[in-house]
2 protein chains.
Amino acid sequence: MADSLPVETPEQPLGPSKSELKKRAKALEKEKKAAEKAAKQQEIAQQQAAAEVDFAVDFYGTLPLNQSQSRPRRERAQISSLSSRDGETVLVRARVQASRAQGNKLAFLNLRQRTHSVQAVLQVTPEKVSKQMVKWAAALADESIVLVEGVVQKSPIPIQGASVSDVEIHVQKLHLISGIDGRLPFSLDDASRPDTEIETSEVQYNRVLLDTRLNNRVVDLRTQTNQAVFKLQAAIGDLFRDYLSAHGFTEIHSPKLQGAATESGASVFKVSYFKGTAFLAQSPQLAKQMAIAADFERVYEIGPVFRAEDSNTHRHLTEFIGLDLEMTIEEHYHEVMDMLDGMLMNIFNGLKEKYKHEIEVVGKQFPADEFKWREGPEGTLKLTHREAIQMLIDDGVPLGPTDDMNTENEKRLGRLVKAKYDTDYFIIDKFPMELRPFYTMPDPTDPTLSNSYDFFMRGEEILSGAQRIHEPRLLAEKMRSKGVDPESMKGYIDAFRMGCAPHGGGGIGLERVLMLFLKLNNIRRASLFPRDPKRLEP
Amino acid sequence: MADSLPVETPEQPLGPSKSELKKRAKALEKEKKAAEKAAKQQEIAQQQAAAEVDFAVDFYGTLPLNQSQSRPRRERAQISSLSSRDGETVLVRARVQASRAQGNKLAFLNLRQRTHSVQAVLQVTPEKVSKQMVKWAAALADESIVLVEGVVQKSPIPIQGASVSDVEIHVQKLHLISGIDGRLPFSLDDASRPDTEIETSEVQYNRVLLDTRLNNRVVDLRTQTNQAVFKLQAAIGDLFRDYLSAHGFTEIHSPKLQGAATESGASVFKVSYFKGTAFLAQSPQLAKQMAIAADFERVYEIGPVFRAEDSNTHRHLTEFIGLDLEMTIEEHYHEVMDMLDGMLMNIFNGLKEKYKHEIEVVGKQFPADEFKWREGPEGTLKLTHREAIQMLIDDGVPLGPTDDMNTENEKRLGRLVKAKYDTDYFIIDKFPMELRPFYTMPDPTDPTLSNSYDFFMRGEEILSGAQRIHEPRLLAEKMRSKGVDPESMKGYIDAFRMGCAPHGGGGIGLERVLMLFLKLNNIRRASLFPRDPKRLEP
């Protein structure tokens, strides 16, 4: 309607505001300083290039290209260990996070290794540290890799901006191992800043957009935040495996190249396979069930799964890591649900207990309320699908009892559950049969329901699973009812015709668990080199 | 030449020999018995179908389909634990490996769980075990899954053909959980027999060909041999990870979908990617190096790699599991070589110490001389490429000093090394530069050589690795010299332009290590569902 068009308001000022001008002036000043530093660097680099530099002789300079010329076996120190090495002479390879001069006799380097940093000091000292060396050090490009030799000394006051704040390195030798050839796409400081700081600060900071980060992922991954994120990603895999190994599971590796496009009709990628066609597995579902029919009893797999869905949401990737498991059932599919629940709680507890440092590091850039789950005798909250829908209906959402929940309603349910039960983690059991794939076992008493469940973190689904149909005739019948031709999946059905124990399982998306535990808000941040419909690089 | 053509010999008999006839008669007899058994089964199945069977009431029969009706939480016993449970009543779910009657009052079942088996006895006993039950049990189809309740009793004599030979189960209740719908493609006994036995026996056994096995992989995987093979496959992965975790490595997951066909021109699979094209990664080489440029320091990955090479050899698959690692170098690339060596010896030792049972099980079907490696102060045998070539030249092979070794020469070298040094495991270092990919670091003193190595088991290559070029200009130069346009791999080179530590690594093929350790002779036996140019199913 015409009257809803935006109208120019007279309140709009005609030029930039006073604070805006102040911000711009600061930004200009910053840019000027950076340009000066770059010029200085270049000048010194030219001086350097003229000199032949050898590690054993010179106090500073560029090391010759390491082609494995010799192996003196001198220990390199970890920055994280320096607090306990006061007085020792150490050799440290590290990134230069920042360098600056103070007068012409003193230079400071902020040295970084992964999630740890320390301050290094160069002070002009007769026969040890020359003026030239101090000048050269102060002009080192950010993100250079250096080899430093120096003495660890207690610092009289805590050092700001270094994770190891009680000691510093008094540098005696300094060598450049790898320099920067070109211009960094963004500074690590800019890439490490939380959004809240950018929004509230007086200074006009550069906001590094997600796309810029991903285009330059190698630099982006160097932030302490990302170093911690991917340590936590690896930790989730380890905790998953440790729990399952302790419970008698065997790891399997199933092929990603498939002869037929299988499962519930979801989009699969097509591969040119010599003179024919293959398809990329959209889950190890069929293979892990066949492993059960082959008597493996309990199996898990960690591997890539591929989804050719053209959706660019915050929580979808075209390739992600599936943590999948499948196990035989003795009496009831809740054996599987309990196993999955135990496994997830082992992950949550393991992260909390063993990766406190990494969680804190990430929290500085991505502030999040601590992830909550229920422990003890009451255990994990389990709702039936019907109960979950009822909570939404009671909250005013117009839904029928067998309706699917969309993303918005899932999040809403997450908030309702959090308010009522104070947990970020819960299970919904007994989904309507019509919402689940053909291989799902129906409920024994109500054929409209199924023996299936989803697990949720912060109102988003992270795991889907069920008891599967192990009886080949029932399986074929269900396939037909869902419009799948049993003949098209003969190898799969045949596996059950040769005898198969009752079984069930589930699959987690590794990146989703990581994203939701840390509240990273976009799944791309939880993937090393993410793939989506628009991104295949780097 | 004409005189070398084969000539029909008059020694050739005109009809089948006497022993041949005897073999045929035995085979006929066997087939007749199987047919009789099948007929009996069917008859009994019809009787069964007429009756309503309920687990809680009847002593034998088919359990209703397990749809998770109830959860009484009764423990299921592992067959491997039964020796220590003499006198106890146990509930066991197992496969029927074989069943037979003795008279009409006694039946024997050979029950199997993975690599373990036990004998179960049914004896007609008033009010406990009926004649009908014994008859039904004796006619159970091979590979049925049953639930047995009975008392564990010491056996007066060791039981032949059962891995648990000191006890047997005296059955009181017996239920069929999952039957066989159709005919087994081959018997598990046939599939478990070593080739040597088939060749030397009087009886004409069925030889189950590899293709038949792979077409019916789910049944084939049930042999005790295969159960052990894939426990050992999982064990290798665990030992790889444990060693690397203990040495500060982080697990990464790199994308298999790539925007460009990369690396040294080897064939890659093409994928339809929405409106464009993607390629399947033929190794995580580029990604793991980029992780090093991103300060991950030490990384490993376990994941599928894809090779679109149309070769159907005993040691090539189009999809296999790569165990890859990459690490920074402080002084010399032998730091990496030593790490890889330590990791492999950890695998060998771990298998020998912790998986004796599984290795023995496999050895029954695939007899192999025990895998040998050197321990202690002398350590792993390391030859330079030049020395290795010289050993072959000394043995009469016409080779030049920078020639590549073909598969035959590699095997020959393996035999020469075994004879001279008594080891099945060794390293060849310092390959000629021209034989290695563009990213390989040249030797510091001889530019025709490189800082690269291959590792061998039983004369076959299992690992290839090197120090990589971390200096972007040298890298671009080497790319051009190998005919690769640096612009086509801009993202990769850019990673090094932003500063990168010296580094190196290597990659193992999981299936190769498994095949060669156990001497399985064909890599398909070491892959759960193998993929080659002719096989995409099951």
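Across the interface of domain 1 of chain A and domain 3 of chain A, zero salt bridges are found, a salt bridge being a side-chain nitrogen of Lys or Arg within 4 Å of a carboxyl oxygen of Asp or Glu. The structure is a predicted model, in which local features require pLDDT of at least 70 and side-chain atom pairs count only at pLDDT 80 or more, whereas totals for chains, interfaces and linings use all residues. Residues are numbered from 1 along each chain as its sequence is written, chains are lettered from A and ligands numbered from 1 in the order in which they are written, and side-chain values use heavy atoms, with hydrogens and water left out.

The domain assignment of chain A comprises domain 1 (74-178), domain 2 (188-220) and domain 3 (224-526), the bounds coming from an automatic or database domain assignment. The centres of domain 1 and domain 3 of chain A, taken over C-alpha atoms, are separated by 47 Å. Contact, defined by heavy atoms within 4.5 Å, links five residues of domain 1 of chain A with six residues of domain 3 of chain A. These two domains bury about 540 Å² between them, 52% of it on carbon and sulfur atoms, where buried area is the accessible area (1.4 Å probe) that two parts lose on being put together, summed over both. On the side of domain 1 of chain A, the most area is lost by Arg114(A), Thr115(A) and His116(A), which together account for 85% of what that side buries.

Between chain B and chain A, the contact takes 110 residues from chain B and 110 residues from chain A. The two chains bury about 9300 Å² between them, with 55% of that area on carbon and sulfur atoms. Of the area that chain B buries against chain A, 9% is supplied by His253(B), Glu331(B) and Met498(B), more than by any other three residues. The rule finds 20 salt bridges across the interface of chain B and chain A; one of them joins Arg93(B) to Glu330(A), with the closest N and O atoms 2.9 Å apart.
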